[in-house]
Amino acid sequence: MKEHSKHLVPGLVILVFGVAAPFLFPNYVFQFAILWLMITFALTWDTMGGQMGYNSLGNIVFFGVGMYVSALIQVGLYYDIGDYTAAYGAIKVDYTMEQYFTGLILGLIAAGLFAVVVAVAFGSIVFGLRGPYFAIGTLGVALAAGELIGAWDWVGAGSGISMPVYPGDPDDRALLYYFLLFVLGVATFLFLMCLYSTRFGLAINAIRDDEEKAEAMGIHTKRHKTVAWSISAFFLGISGGVFGNMAGFIEPLEVAFPTVTFGIFMVVMSLLGGKGTLWGPVLGATLFHIVKEVTWTQLLGWQWVVLGLLIIINVVFFQQGIIGWAQDKWPERFGIVVEEDAGGLTDQETAEVLTGKGAG
Amino acid sequence: MELIEVSGVSKSYGGVVANKQVSLKVPRGRITGLIGPNGSGKTTLFNSIVGYHPIDEGSIMFEGKEISHLRVQEIARLGLLRTFQQTRIYSKMDCIKNMLISVPHRTATFRDMFRPYSPELTDKAEHLLEFVGLYAKRRLISGDLSFGQQKLLEFAMALMSEPEVLLLDEPTAGINPTLINGLIDRLKRANEEFGITLFVIEHNMRVIMNLAENIYCIAHGEMLAEGTPKQIQNDQRVIDAYLGAH
Amino acid sequence: MIDNINLLILAPYLNIQLLLDGLFIGAIFVLAAYGLALVWGVMNVKNLAQGDFVIMGGYIAWQVGVWGINPLFGLPVAIVFMFGFGWAIYYLVIRYVIERDLFTSLLATFGLALVISQVLNLLFGPEVQIVDSGFAVRSIPILGGEITVSEIKFLSFLMAAALAAAVVLFMKNSRMGQAIRATAQDARAAKVMGIDTERVYAFTFALNAAICGAAGVLIAMIWNIQPFYGMTHSIRSFVIVTAAGFGNIPGVIMAGLGLGVAEQFSGFVLGAEFQQATVVGLLVLVLIWRQIQSSRHRQAVI
């Protein structure tokens, strides 16, 4: 755990801030909750895109799937789903606290697990694809997913599902969902931090740097890809379940499968902070969220244009991201050893080591 | 028993025949060489063995098992590894990480994926780096190494994953001549001390004559001659093939 | 759904109608896909803004119509305007992504797609638009029913074919076309031989944008346009190029026409709301097919 110790101080500061934030800034609980959601988004995207080099444009599928599974479980435990959705919210649900939380807990667990199932199935189709085909394949599936759900009457089609109403004080509800997203974000971070320090972490980096070499060395590439994708899906699925409840109403295109908003935010945030690093996505998500919240409403309809320009500038001129840039500038602070005079002389040295002349 | 047995393998690209009815044997525990002029189909044969493309006809057996339909990873996990002519390492990582990635994946179970690297593995990685003379550079980003050192690193990575047999594609091509003797010595020692069977494509005659116990010579995609270094050196057909008088 | 299939069996003339409509639309898909194959093959850029170029062309026709001029005259306007636009985009964005990894060009052009569609939305509003070119619609009795073919669809088909032929001839015979093909084969060698590859790339990208613009004018007249329809057109182009391979013009034509027909039939059988899902479904099928093909070669789809 020695190498984790450098994360201790920033980690503790963030934890303390995370616990205190909703009490210090009670008017911004929702914004802070979304911040944690964004951090989860960026972290889970980076597992695939940054650490493994599989740039998915369709991770939002898991978010939406989790949201719908959670909703269906929460409703289905006590009502007939078909009747409930057909009534378009006319059925008023009065859950007791116990019913509500039973549904919520089961729903979130199922959301995570079912997203994993989808990831394994989805992966078996797209993992034979590399590079651009993978990105386009995932983008296509994400676009179609919303449309298919929107045509499925049993789950409310385009009119969506009203989520069960929290049977208590609205302020408590806000805190509940804040802390759920907070815990989820922190858990995702800690889980990934430990994961990246195992053999798994290096193996997916190897797939990113040279998949053909990784295959030639016998790494179980497909197994690693499926597991990485499943881990992303698990946390995203749960986040979808929580967000659905927080939103109170879910529908396929804008809430559950928002490919061009949340789906693209994931990518932009990771790139902005520095993909393939542990803190990059966290930093990127935080910056992006703050800047977006501050400027969004003042851009008067041009915000999407600005977002598009941000993507282009980020990708074309600043792809290494903030952390990546810092690593290039101060490599020694990140424990990277650079030797200035790598060249012919060192060949000589190595030759001497090999023939035993220069030993010692 | 023969470790690798290639019999009657043909491979053509479009109309160009790269290998025609090639047969050879790589005995266990030995160093076998494969030589031939440029474009004679050596690398094509290598790629057929390790699974980079399908073969048109023939059979390739590894430890008595047909492998000509398997894919690269599956063949690698049987313990048949190759190095690349244009060296391939993970150039953004340091040498130690390159080594650690190369733990044997043959025996890796699902749970092994999530194990941390034990101190023993790090020790082993450092030992092997020392073996190839790169210990002093273990923390250096591998892309900053010279080409010869990268070849040595790739060789060490292959050793790390404990293969049965190692297919080396021109191990001395393009490296600094001062490194060649050291490399030959390490290849021999890997064969003797770790018991790894070697199958080496080589262009440099001096190297292969020093290294291999048995040599195959291929020309125009067809097997031309087989024998000990001495026999090959004195074989008129081999000399003709190399001088272009065909 | 079953009812619709029965209808197709009972009324064979409907099949002819769908087939014709599919071919008319498909011919335009071919144009956009050919443009994509061009930039993909020559400069290895996967342009996700392809469909948005098409929609831009459509809005040019629409704007020309608003000015009271027949939108057919939008065709030269769109070609010239989009050529200039493509040239500008090349120097602003694409130039920097050519040498980079594949995802860079994909994501940069995705950002571009977002910008274009949003700007179009701000300028023209989110309504679905159809551009009326004022041509007659004819009914033709066939197989016990009547199919309707508007003259503009037929004209558009001819124009798409003429444009495609012009581009192919240009690539074969002109000096620039030869330079483009040389650069596609080996950019370094082309450079050594004195070809200004930078200019070749800029021209190729601009040519692609012009082709897309022309396709857009036709789409606007025989179908419809909307600021956010671009992405679906992009995916269509990818489906066609992936299915055909980018060096294969007859393949692109067959795949494009096939996609047009397949979409018309599935739209009729499943309902129009599944349009995007149909395209994506075909994309997934093509990708799976490519994987099976590659695995026979012991390879992955790169």
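Guide: Two strands pair if DSSP finds at least two bridges between them. Strands are DSSP runs of E with at least two residues, and helices are runs of H or I with at least four, numbered from the N terminus. This is a predicted model: local features need pLDDT of at least 70, side-chain atom pairs count only at pLDDT 80 or more, and totals for chains, interfaces and linings use all residues. Residues are numbered from 1 along each chain as its sequence is written, chains are lettered from A and ligands numbered from 1 in the order in which they are written, and side-chain values use heavy atoms, without hydrogens and water.

Visitor: In which sense do β1(B) and β4(B) pair?

Guide: Antiparallel, over five bridges; β4(B) spans residues 57–62. Ser7(B) has Ser59(B) as its bridge partner there.

Visitor: How many bridges link β1(B) and β2(B)?

Guide: Eight, again in the antiparallel sense. β1(B) covers residues 2–13 and β2(B) residues 16–27. Val9(B) finds its bridge partner in Val22(B) of β2(B). Two residues lie between the strands of this hairpin, and Gly14(B) takes a positive phi near 60°.

Visitor: How many disulfides does the structure hold?

Guide: A disulfide is a pair of cysteine sulfur atoms within 2.5 Å. Over all chains there are zero.

Visitor: Is Cys217(B) buried or exposed?

Guide: Buried means under 20% relative accessible area, exposed over 50%, partly exposed in between (1.4 Å probe, protein chains only). Cys217(B) is buried, at 0%. Cys212(C) is buried, also at 0%.

Visitor: What does chain A contain?

Guide: Its secondary structure comes to 16 helices and two strands. Of the 360 residues in chain A, 57% are buried.
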